[in-house]
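Please work through the following exercises with the sequence and the three-dimensional model at hand.

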Amino acid sequence: MDFPPTAHPGPAEDQLLVLQGDHRSSFAWEGQLSMKPLRPRRPDDLWEFIGEHPFHARVVARLQATGFYTIFELGRMQLDWSLITTLVERWRPETHTFHLPTGEATITLEDVQVLYGLRVDGRAVALPQYIRSMTRAQFLDMMMHFTGYRPQGDAGGSRVALSAIRDHMAFLHPDITGETVDLHIERYTRLALLLLFGCVLFSNTSGSKVSMRFLHHLQELDGLPQYSWGAAVLAYLYRSMCQASMGPAVDICGFLPLLQRIMPLQPPLPALAPGEAYPFLPLASRWILRCGNYRGTDAHHNLPLIRDVLDMLVDGQVDMYLHLLDKVVVFDKQKSPEKT
């Protein structure tokens, strides 16, 4: 087998990649970050909380209607911090692509929808100007109105502690029954979605807070499926990777399970009739159920080794993987219902 030549330490031409001097790859090449993977900023208390306080069937029904329950079902997925760090070293803010020996690659809207079931069309997730100019007192009043809970303290701007939300939900949990009025079910559902946003989809580098600005979109739970949440999640992850790829950054946040899946994990999907759902979606559920990817701890592989593996990536490896996966997908479609 012929191995590719040694990777060049930087771009051969700098007309496009003008940020190379401050890029993380430059620091890694000079040895400053040779053994320092990025630090996780992913609160895992959400999954422990759900395990101890499972959602009532009425809350599950409301979450399913919003389109976010699939993420709750998938649960915690194992992350490989050496792999994530190595990918960030190859992420270019100038082009929003990963620069690999086989060419450029990126995470697409199709990946978000097919892998995790988040909608990528519809209304844009944007905030009106009046929300951006609200004071903390106004946000707290908004929180009280839509969730029945007003956090203590006047510091923190538009953010609220995730631990405070969990504590309040734990207090409410015994009262969520089949006889609970719809108003309280909706309030509990909004709190659950704030936890999902702050812990999984839109986690920030604090690792402990979530923005109350999300309440603007959570006012009408029935309207949530109209928004392109998948596009918002992907844009937030792009922004996080751009920040982590510049200088000696130590943190990265966002929906990180999506970052590990930049390689094409499925063949091109056939066109569907309008309104028809593709079978076996979201595909991420296959990793959980069949690959044992639901792990309580993250992986910590050797960082230099992962760098070498990506440096030796060749086109044939990707083509072979796609061929094998195509066989798996065809096999699944041919299985009888009794065997699924």
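The model is predicted: local features need pLDDT of at least 70, side-chain atom pairs count only at pLDDT 80 or more, and totals for chains, interfaces and linings use all residues. Residues are numbered from 1 along each chain as its sequence is written, and side-chain values use heavy atoms, with hydrogens and water left out.

**Exercise 1.** State how many helices and strands the protein chain has, and what percentage of its residues count as buried.

Solution. Step 1: helices (H or I, at least four residues) and strands (E, at least two) are DSSP runs, numbered from the N terminus. The protein chain has 15 helices and 7 strands. Step 2: buried means under 20% relative accessible area, with a 1.4 Å probe and protein chains only. Of the 340 residues, 46% count as buried.

**Exercise 2.** Determine how H8 and H10 are oriented and which residues meet.

Solution. Step 1: axes are lines fitted to C-alpha atoms over the stretch in contact, and angles run from 0 to 180 degrees between N-to-C directions. Helix H8 (residues 136-147) packs against helix H10 (residues 182-201) at about 125°, the axes being 8 Å apart. Step 2: angles under 35 degrees count as roughly parallel, over 145 as roughly antiparallel, 65 to 115 as roughly perpendicular and the rest as oblique. H8 and H10 are therefore oblique to each other. Step 3: contact means heavy atoms within 4.5 Å. On the H8 side, Met143, Met144, His145, Phe146 and Thr147 meet Arg187, Arg190, Leu191 and Leu194 of H10.

**Exercise 3.** Explain why helix H5 is largely enclosed by the rest of the structure, and identify the residue that caps its N-terminal end.

Solution. Among the buried residues are Trp81, Ile84 and Leu87. Step 2: Asp80 is the N-terminal cap, with a side-chain oxygen 3.1 Å from the backbone nitrogen of Ser82.

**Exercise 4.** Describe the surroundings of Thr66: is this residue buried or exposed, and what does its side chain reach?

Solution. Step 1: Thr66 lies in helix H3 (residues 57-66). With 4% relative accessibility, Thr66 counts as buried. Step 2: a polar atom of the Thr66 side chain lies 2.6 Å from the backbone oxygen of Leu63, and the side chain reaches the backbone nitrogen of Phe68 at 3.4 Å. Step 3: not counting residues up to four places away in sequence, Thr66 touches Leu193, Leu221, Leu224 and Pro225.

Methods:
Buried means under 20% relative accessible area, exposed over 50%, partly exposed in between (1.4 Å probe, protein chains only). A polar contact is a pair of N or O atoms within 3.5 Å; within protein, one must be able to donate a hydrogen and the other to accept it, and residues adjacent in sequence count only if both atoms are side-chain atoms.
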